[in-house]
Amino acid sequence: MSATTPHGRLQGKNAIVTGAGGGIGLETSILFAREGANVLMADISPPALEKAVAKVKELVPSAGRIESTKCDVSKESDVQAMVEMQDSWGGMDVIFNNAGIMHADDADAVDTPEKIWDLTHNINVKGVWFGCKHAVQSLRRHKKARGSIINTASVVALVGSATPQLAYTASKGAVLAMTRELAIVHAREGFRFNALCPAPLNTPLLQDWLGDDQPKRLRREVHFPTGRFGEAIEQAHAVVFLASDESSFVNGTDFVVDGGMTRAYVTPE
Ligand code: NAD
């Protein structure tokens, strides 16, 4: 069976994906739809969202309900409205709190502007908290016996980054800690919380930035035992597993999808 063949692993589940306008969020929305979920795609950018929804519908013509909503995850009223949109669908079963930013002005302890710290933490940490909070309230409201909440962290929550991005790194550490505690607190309600830790990915943003600069590229690629960056879809496959009942005993994990990068001691030669 090919990776793209649907076999209903999320059949009948109502799922929400934030940051669904591109990257990991879009790839996950496509796989969620293929696996039979009804998907509410949320993003701060309406143009990105419009294109992303069209792509899901084009690639998965047999998809169930696919809808979208503009949502700034750093605003609680937006997040509440997003989650409550699925009340009329029967209530959410899965939420992928994936929206996050890494700002170009993020730097080290000395040079990171306070406003960049606050912006990063408002989206990456508070946004994830709001998503978790309203997910718990919705799961209770709909008397769900199970629910899966997946929060996007990063490998930089586990290992330090040599190129400083302090606000981002600290925000992803907070996502890990918050996810772990929520997993413990809500385990007996049947609500699972797991954190996804992606390694740097082969996204247009990164690839355009690296361009033909071979030393710059090698400085990063050398960390991967596989010798390559990851792909967004490789993250999405992990999210499908965490969202599905196949992972029913997986809770509170730092789910690392990094080609072995954080386990490696590698040198250029
Ligand atoms: P991306 O930039 O391709 O997509 C992120 C999406 O989030 C965009 O569509 C953007 O419009 C949206 N967004 C930004 N701010 C928002 C807000 N306030 N409210 C709602 N939506 C908002 O990014 P990606 O690479 O797919 O990253 C997704 C997640 O994965 C992020 O949390 C990121 O930190 C994390 N991550 C990415 C990488 C990587 O190399 N790409 C590595 C580790 C972790």
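Guide: Helix axes are lines fitted to C-alpha atoms over the stretch in contact, and angles run from 0 to 180 degrees between N-to-C directions. Helices are DSSP runs (H or I, at least four residues), numbered from the N terminus. The model is predicted: local features need pLDDT of at least 70 and side-chain atom pairs pLDDT 80 or more, while totals for chains, interfaces and linings use all residues. Residues are numbered from 1 along each chain as its sequence is written.

Visitor: At what angle do H4 and H5 pack?

Guide: Two packed helices are described by the angle between their axes and the distance between the axes. Here H4 (residues 114-141) and H5 (residues 166-185) pack at about 15°, their axes 9 Å apart. H4 is therefore roughly parallel to H5 (under 35 degrees; over 145 is roughly antiparallel, 65 to 115 roughly perpendicular, the rest oblique).

Visitor: Which residues of H4 meet H5?

Guide: Contact requires C-beta atoms, placed from the backbone, within 7 Å. Ile-116, Trp-117, Thr-120, His-121, Asn-124, Val-125, Val-128, Trp-129 and Cys-132 of H4 meet residues of H5, including Tyr-168, Val-175 and Leu-182.

Visitor: How do H1 and H8 cross?

Guide: The axes of H1 (residues 23-34) and H8 (residues 232-243) come within 8 Å and cross at roughly 50°; the two helices are therefore oblique to each other. Among the residues that meet are Leu-31 and Phe-32 in H1 and Val-239 and Val-240 in H8. This contact has eight nonpolar, four polar and one charged residues.

Note on methods: The expected span of a helix is 1.5 Å times one less than its number of residues. Two residues are in contact if their C-beta atoms, placed from the backbone, lie within 7 Å. Ala, Val, Leu, Ile, Met, Phe, Trp, Tyr, Cys and Pro count as nonpolar, Asp, Glu, Lys and Arg as charged, and the others, Gly among them, as polar.
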